[in-house]
Amino acid sequence: MAIIFEPNKKIFTLHTKNSTYQIQISKYGHLIHNYYGSKIENMDLSYLIQGINRGFSGSPYEAMAVEDRGYSLDTYPQEYPTYGIGDYRSSCLSVEHEDGSQAAELIYDSYKIYQGKYQLKGLPAVWAKENEAQTLEITLKDKYSDVKVILYYGVLEEFDVITRACTIYNEGEYPIYLNKVFSCCIDFWKNNMEMISFYGRHAMERTLQRRKIEHGKLSVGSTRGTSSHQHNPFVILCEEGVGEDHGVCYGASFVYSGNFIAEAEVDQINHTRFVMGIHPEGFRYYVEPKDCFFAPEVVFVYSDAGMGEMSRKLHDLYRNNLIRSKFMHERRPVLLNNWEATEFDFTQEHLVEIAKAGRELGIELFVMDDGWFGERDHDKAGLGDWFPNKKKLPNGVKGLAEQIHALGMKFGLWIEPEMINEDSELYRNHADWCLSIPNRKPNVERGQLVLDMSRKDVRDYLYDSISKILDEAKVDYVKWDMNRNLSDVWSAKVPSYRQGEVSHRYVLGVYELMERFMSNYPDILWEGCSGGGGRFDAGILYYMPQIWCSDNTDAIERTSIQYGTSFGYPISCMGAHVSAVPNHQTGRSVSLNTRAEVAMAGTFGYEMDLGTLREEEKEIVRSQIQEFKKYYNIIQYGDYYRLTNPLEEEVAIWQFVDKEKKKALVSVVSLRTRANAPFIKVYLKGLKEDSLYRIDDGEEVYRGSALMKAGFHIPVLKGDYSSLHFYIREIEV
Ligand code: GLA
């Protein structure tokens, strides 16, 4: 049993393959966190929780009545701490009652354990078959009001995953406000911990940053309305010194695409609190009597064998139990996108020429990017007008799609449903459909405003106009972009006391629309995007199997971006393309080989006019596409190993190993060239110790243990940013 309740001891114990999580109901009915860490069986860990009377840390009334001064919510580890009742660390819930008071003392009421995994209404979440997961629901009630909280724990034993979420119910007669609702808290009773987070900016997403958690709050988050380029809603909590292959670490991934916060602090008695949830800034949720609020899910993945193993578990979980698209298990076509080749300036003939040149080299899918609709000749017009621009596409999207299909290729389309330009028919007819505050000029980004996705009429318009195109033309792929952050968040459809809900309702609206499209067009391959990787999160992956990783297509910068992304997300979901040189974002020139080497650690495709290449370059592209197809299964379904850290080392090396450990692919990219360079020695990972392997077509045979323990020398790489890969396969003896 993954979940055990012992009524006499009043403890819940959750086991995964390698971890244990324990909760106790205290003598006063509060939910106390006993432990989360390496697996411990048959043990009541309540002995760990000891209270000492500490000054300025009060006790609940009942405890003080019996002189139990050591029992303090301010020092005890808790499952779901609340604001206003004497725990001064980060709380998870702040409720404002009818009389303006802000407190909730949550007391244990009941529990439920069942096979399978809970789901959350209107929100993305990890899913599981009955035999893959168990759920624990714990119901808590405020001692003095009709606020009820259900905490959800999903245990996916094989993945070493515990998910958390909760629902807040108003069972009273008066409305309440939720001023803050986080999804989870974990109080680790130790203080030697670090938080690894992934920061960035447009065109430079998910750079790893590692910081010690100390006294005072360490917090990352987004108030941009999306998960953002600046901070990713995935963090790692680990013990000091944890590396790729050793040490205890916990990945925490928020399955949500809007404002978020991940916050850690060491408290006054040197214990570490971690909380995660929707960012409280600007958030205020009005809950009517008999209504409720669902807080999104956080996925915790545990490893005591370092961050490499942690990532691989998460990759497996997301590939098998989060992403729903059929394309997760089908080979996705090699793609060619026209954006960097033409931007807005194209004609149908030109696109067909680009596609044709790609087809000759083996490209399977042609994607028409931005610029095909309304008066979209530049970035200040057209968004919202989801009908073809007749100057560019005289026979509509259908006409172009037919031509592309006639070439024997699949056809894809770019859309940006959530946006509107003031210079558009949509804005002229429905100015109130965008987020903006009356009597204020809104903040504008890239010449566009944001549609109020919390409105059903807006979503219906988007669904109808875009599905009209998807029905008329045969569309095999859609890239769903989102090119600015939210500001001036105010909805014309919502009363003043509900305006604090709009950012969250926006995300729910986006999810509702995505769900409608995904379920009605399951044969389309959907790719998420937000100015590259500005909304690269587990929430989007529930709807779409891949996300454009970054607008930065420079292969060298991409090694760090993809490295950072790989900690929390599988390779098969990272959109990666070969683009022209000098690179549009950095001006750097890197060989075609290296550009493909890096793009192959992703969904792989091209973003340039392949017709402009020299004959010998075309030949290279042709063979790259063949190679990618050859290695597709290892890359997309295999295990991923980070062999170096490109942020700190002179060479980026990564490795894929198939699940049977019979085949492996190692990629090497030189980030710095030096004369008379020292050897680069690589220690392979994930092979079978006793098996014999051959490298490429070489004569030599190596034992797995040798390649992993003694290592292997990589040929000296000469020239700027050169690269190579080698293929390792087991030989039968
Ligand atoms: C965003 C995307 C790009 C491209 C442009 C088009 O920046 O990330 O790939 O689609 O929009 O405007």
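**Reading contacts in a predicted model**

Student: Let me start with a charged pair. Which residue forms a salt bridge with D109?

Tutor: D109 pairs with K141, and their closest N and O atoms are 4.0 Å apart. As a general idea, a salt bridge here is a side-chain nitrogen of Lys or Arg within 4 Å of a carboxyl oxygen of Asp or Glu. The pair links distant parts of the chain, with D109 in strand β6 (residues 106-115) and K141 in strand β7 (residues 134-142), 32 residues apart. Strand and helix names come from DSSP runs (helices are H or I, at least four residues; strands are E, at least two), numbered from the N terminus.

Student: What kind of model is this, and how are its residues numbered?

Tutor: It is a predicted model, where local features need pLDDT of at least 70 and side-chain atom pairs count only at pLDDT 80 or more, while totals for chains, interfaces and linings use all residues. Residues are numbered from 1 along each chain as its sequence is written, and side-chain values use heavy atoms, with hydrogens and water left out.

Student: How many salt bridges does the structure hold?

Tutor: There are 63. One of them joins D316 to R319, with closest N and O atoms 2.7 Å apart. Both residues lie in helix α2 (residues 306-321), 3 residues apart, which is about one turn of the helix. D316 and R319 are both buried.

Student: Which residue does K493 meet in a salt bridge?

Tutor: K493 meets D457, at 3.5 Å from N to O. This is another link between distant parts of the chain: K493 sits in the loop between β25 (477-480) and α8 (502-520), D457 sits in helix α7 (residues 456-472), and 36 residues separate them. K493 is exposed, with a relative accessible area of 52%, whereas D457 is partly exposed at 27%. Elsewhere, salt bridges that share partners tie D87, R89, D187, D267 and R273 into one network.

Student: Now the sheet. In what order do its 4 strands stand?

Tutor: Strands of a sheet pair through backbone hydrogen bonds, either parallel or antiparallel. For counting, two strands pair if DSSP finds at least two bridges between them. Here the order is β1-β2-β3-β4, in an open sheet with antiparallel pairing. β1 (3-6) and β4 (31-38) are the edge strands; each has a single partner, so one side of each is left without a neighbour in the sheet. The twist averages 15° from one strand to the next (axes are lines fitted to C-alpha atoms, and angles run from 0 to 180 degrees between N-to-C directions). β3 (residues 19-25) is joined to β4 by 7 bridges, and Y21 stands opposite Y36 in β4.

Student: Which residues of helix α5 are buried?

Tutor: In α5 (residues 396-406), they are G396, V397, G399, L400, A401 and I404. These buried residues pack against α4 (348-361), β21 (365-368), β22 (410-415) and α7; contact means heavy atoms within 4.5 Å. Just after α5, G408 takes a positive phi of about 85°.

Student: Which residues come nearest to the ligand?

Tutor: A residue is near a molecule if one of its heavy atoms lies within 4 Å of it. Of the 13 residues around the ligand, D369, D370, K479, G532 and D551 come nearest. Polar contacts are pairs of N or O atoms within 3.5 Å; within protein, one must be able to donate a hydrogen and the other to accept it, and residues adjacent in sequence count only if both atoms are side-chain atoms. The side chain of K479 has an N or O atom 2.7 Å from a ligand oxygen. For N483, a polar side-chain atom lies 3.1 Å from an oxygen of the ligand, and for W548 the distance is 3.4 Å.

Student: Where does S183 lie?

Tutor: S183 is in strand β10 (residues 176-188) and is buried, with a relative accessible area of 0%. A polar atom of the S183 side chain lies 2.6 Å from the backbone oxygen of P296.

Methods. Buried means under 20% relative accessible area, exposed over 50%, partly exposed in between (1.4 Å probe, protein chains only).
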